[in-house]
Amino acid sequence: MPGLELSSNWKILQGRLEAGKKAEAKINGGVKRQRPEDPKFTRPRPYSRGPKATGDNSIPLTKERKMGSSMSSAPVPAERHATLAKDHDIDPSDIHAAFDHSASSSAKVLPNDARNDEINAGLHPTNKPGKYLSLDCEMVGTGPPPHADHLLARVSLVNYHGQQIYDSYVQTPAGTKVTDYRTSVSGIRPHHLLPDTARPFAEVQRTVSDLLETRVLVGHALKKDLEVLELKHRPRDVRDTSRYSGYRIESKGKPPALRKLAASELGWKIQEGEHSSIEDARAAMGLFRKRKGEIEGEVVRKYGKGGPGGAKKKEQESKAGAAELGEDDEDGEGDDEEEDEELETLDGEDDDVASKTGPVQVKKKRKKKKNTRRK
């Protein structure tokens with residue numbers, strides 16, 4: 001049959017091809033020749049794992065660069081800066097500042113230097129407060145077990161450069177008994193609160209209130225600190241690092257611990273034993289300085305623009321309205337002159353808002369509404 005004859009020929013052909021392959025393998029020493037690839041006939045494989053984009057902002061998704069992570073630290077070439085400046089009419093220095101965060105962030109890092117700390121020294125005789133003051137308090141427990149009620153035991157303030165401005169132990173109010181000194185955390189011992197060591201609560205409260213009166217208050221979880229001081233502060237003049245959204249990413253929206261933030265953001269080891277309110281206040285200031293622009297931006301978005309004590313304008317408008325109604329007396333005519341005062345700012349405090357010629361050293365501001373004390 002024709003079909004059987006075709007099958008037989010095909011078998012003969014296969015045998016000859018197989019014999020040719022074996023003979024070729026013996027000649028080449030058993031090494032199979034590879035045919036050179038012609039780039040014209042090489043087709044790219046879909047979904048290749050090779051390198052993809054090579055643009056300025058292209059970063060492979062490696063362990064160091066996870067999906068959704070920030071790309072702001074990617075280096076941008078100088079020619080890319082020049083192109084952006086030319087196409088969008090932007091100052092080249094502004095573009096450089098926007099892309100190069102390494103130098104600016106390292107310059108803002110505050111050193112954890114406790115060599116000049118003077119415990120219980122009261123108001124420092126030479127260090128200047130400036131515009132920003134960071135506050136931290138140590139507390140002891142009172143009341144029945146588990147002694148959850150707080151009493152102020154120590155209060156500390158540092159300026160923008162972490163220099164000590166105020167530190168004092170605080171006497172326990174008359175008729176109140178400390179039931180838990182929390183020494184392992186607070187560092188407070190019974191003799192620290194005795195009259196010959198500590199200052200009266202009213203004196204400490206008055207000094208802290210006067211220092212904060214015209215300034216921006218910095219700190220971490222400030223609610224409890226202000227409660228034990230029985231003070232209030234204008235919300236638009238509070239910079240609480242525990243409420244900054246950028247510091248809540250790792251804690252998934254919850255208030256982050258100061259100890260963890262100091263380690264991850266500043267490289268500091270704090271609160272490993274007994275706490276120091278000076279060190280904690282300095283750590284909060286360091287965290288604020290590192291993200292000052294972003295934190296101030298959140299405040300502006302929430303409260304609008306304006307300097308410390310933005311409520312002063314409303315107070316003046318209220319006085320003006322009272323004067324129109326004839327309610328103002330002659331004694332109030334000189335109030336505005338009496339309220340003028342010099343508020344000295346420190347180097348670096350206004351870097352983000354000052355002109356490019358350099359930071360402002362002294363600004364004249366009006367005295368703001370005084371802190372209200374709870375009764």
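Reading the helices and cores of a predicted model

Mentor: In this predicted model, helix α9 has 14 residues and runs 20 Å from its first C-alpha to its last, close to the 20 Å expected at 1.5 Å a residue.

Trainee: What makes α9 count as largely enclosed by the rest of the structure?

Mentor: 14 of the 14 residues of α9 are buried, so the helix is largely enclosed by the rest of the structure.

Trainee: Why is arginine 282 called buried?

Mentor: Buried means under 20% relative accessible area. Arginine 282 has 2%, so it is buried. Arginine 282 lies in α9, which covers residues 277–290.

Trainee: Which residues does arginine 282 touch, leaving out those up to four places away in sequence?

Mentor: Leu110, Pro111, Asn112, Asp113, Ala114, Asp117, Val158, Gly162 and Trp268. Each of these has a heavy atom within 4.5 Å of arginine 282, and is therefore called a contact.

Trainee: Why is leucine 17 called exposed?

Mentor: Exposed means over 50% relative accessible area. Leucine 17 has 52%, so it is exposed. Leucine 17 lies in helix α1, residues 2–27. Together with Trp10 and Leu13, leucine 17 makes a nonpolar surface patch of about 330 Å².

Trainee: What makes a set of residues a nonpolar core?

Mentor: The residues must be buried, come from a list that includes Val, Leu and Cys, and be joined through side-chain atoms within 4.5 Å. The largest nonpolar core here has 22 residues, and those with the most contacts inside it are Leu135, Cys137, Leu152, Val155, Leu157, Val208 and Leu229.

Trainee: Which elements supply at least two residues each of this core?

Mentor: They are β2 (132–142), β3 (149–158), β4 (164–169), α6 (201–212) and α7 (222–229). The largest share, five residues, comes from α6. Apart from this core lies another, of 21 residues, among them Tyr132, Tyr160, Leu266 and Ala281.

Trainee: With its neighbours within four places in sequence left aside, what is leucine 157 in contact with?

Mentor: Its contacts are Leu133, Ser134, Leu135, Gln163, Gln164, Ile165, Tyr166, Val208, Leu211 and Leu212.

Trainee: How many residues of the protein chain are there, and what percentage count as buried?

Mentor: There are 375 residues, and 34% count as buried. The chain has twelve helices and nine strands. Among contacts between residues at least 6 apart in sequence, 67% join residues at least 24 apart. The accessible surface comes to about 24600 Å², and 53% of that belongs to carbon and sulfur atoms.

Methods: Residues are numbered from 1 along each chain as its sequence is written. This is a predicted model: local features need pLDDT of at least 70, side-chain atom pairs count only at pLDDT 80 or more; totals for chains, interfaces and linings use all residues. Side-chain values use heavy atoms; hydrogens and water are left out. Buried means under 20% relative accessible area, exposed over 50%, partly exposed in between (1.4 Å probe, protein chains only). Helices (H or I, at least four residues) and strands (E, at least two) are DSSP runs, numbered from the N terminus. The expected span of a helix is 1.5 Å times one less than its number of residues. Patches are made of residues with over 30% relative accessible area and no salt bridge: like charges are joined within 9 Å, nonpolar side chains (Val, Leu, Ile, Met, Phe, Trp, Tyr) within 5 Å. Accessible areas come from the Shrake-Rupley method with a 1.4 Å probe; for residues, only the protein chains shown count as cover. A salt bridge is a side-chain nitrogen of Lys or Arg within 4 Å of a carboxyl oxygen of Asp or Glu.
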